[in-house]
Amino acid sequence: MAVSVRGRVHKLRVRPGPDGKEDFKRQVRVLLGYDDSMEFDVIFECKTPHSGEKVQLHGFSAFDAATHCAAVSAAKRLKNKAHRTSSAVAAAAGFLHSSSSSSSTSSTGLESISRSSSAPAGTSSS
């Protein structure tokens, strides 16, 4: 979960439930520089899992809902990252497969890429 304190964002690991809430309070207390006698409150900004609409959840009583939203958002980010990674790997594999199928095509393709990136057309880059 990302926590903004005095304009800086800190990423905290959170666990659901009463123990997780108490651990979260301790972590935020440390970030704020508060001792155990000082009280504070929080406002959680979340995107709803289904619509993605931003909502504000006020107070520690909303901790479980906020951790649920954070978990769903994290899972979506991981899924999107995995999809982007697998797409890039598939694209690279397709390039390698087509490059290795014909050595003359491969060297011509690489030559024209080198030429166009480092020297004007019609000149040699070697």
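Phe24, Tyr34, Phe40, Phe44, Phe60 and Phe63 make up one aromatic cluster. The model is predicted, so local features need pLDDT of at least 70 and side-chain atom pairs count only at pLDDT 80 or more, while totals for chains, interfaces and linings use all residues. Residues are numbered from 1 along each chain as its sequence is written, and side-chain values use heavy atoms, with hydrogens and water left out.

Q: Why is the pair of Tyr34 and Phe40 called edge-to-face?
A: Rings of Phe, Tyr and Trp (its six-membered ring) pair if their centres lie within 6.5 Å; planes under 30 degrees apart count as stacked, over 60 as edge-to-face and the rest as tilted. The ring centres of Tyr34 and Phe40 are 6.0 Å apart and their planes are at 65°, so the pair is edge-to-face. The structure holds six aromatic pairs.

Q: What makes Phe40 buried or exposed?
A: Buried means under 20% relative accessible area, exposed over 50%, and partly exposed in between (1.4 Å probe, protein chains only). Phe40 has 15% relative accessibility, so Phe40 counts as buried. Tyr34, at 29%, counts as partly exposed.

Q: How do you know that the charged end of Lys25 sits over the ring of Phe60?
A: The term requires NZ of Lys or CZ of Arg within 6 Å of the ring centre and within 35 degrees of the ring normal. For Lys25, the distance from the charged end to the centre of the Phe60 ring is 4.7 Å.

Q: Why is the contact of Lys25 and Glu22 called a salt bridge?
A: A salt bridge is a side-chain nitrogen of Lys or Arg within 4 Å of a carboxyl oxygen of Asp or Glu. Between Lys25 and Glu22 the N to O distance is 3.8 Å, and their side chains meet in a salt bridge. Both residues lie in helix H1 (residues 17-32), three residues apart, about one turn of the helix. Helices (H or I, at least four residues) and strands (E, at least two) are DSSP runs, numbered from the N terminus. Lys25 is partly exposed at 23%, and Glu22 is partly exposed at 37%.

Q: What makes Arg29 and Asp36 a salt bridge?
A: The closest N and O atoms of Arg29 and Asp36 are 4.0 Å apart, and the two form a salt bridge. Arg29 has a relative accessible area of 14%, so Arg29 is buried. Asp36 has 67%, so Asp36 counts as exposed. A search of the whole structure finds three salt bridges.

Q: How do you know that strand S1 pairs with strand S2?
A: Two strands pair if DSSP finds at least two bridges between them. Four bridges join S1 (residues 2-5) to S2 (residues 8-11), and the strands run antiparallel. Ala2 has Lys11 as its bridge partner in S2. S1 and S2 form a hairpin with two residues between them, and Arg6 in the turn has a positive phi of about 50°.
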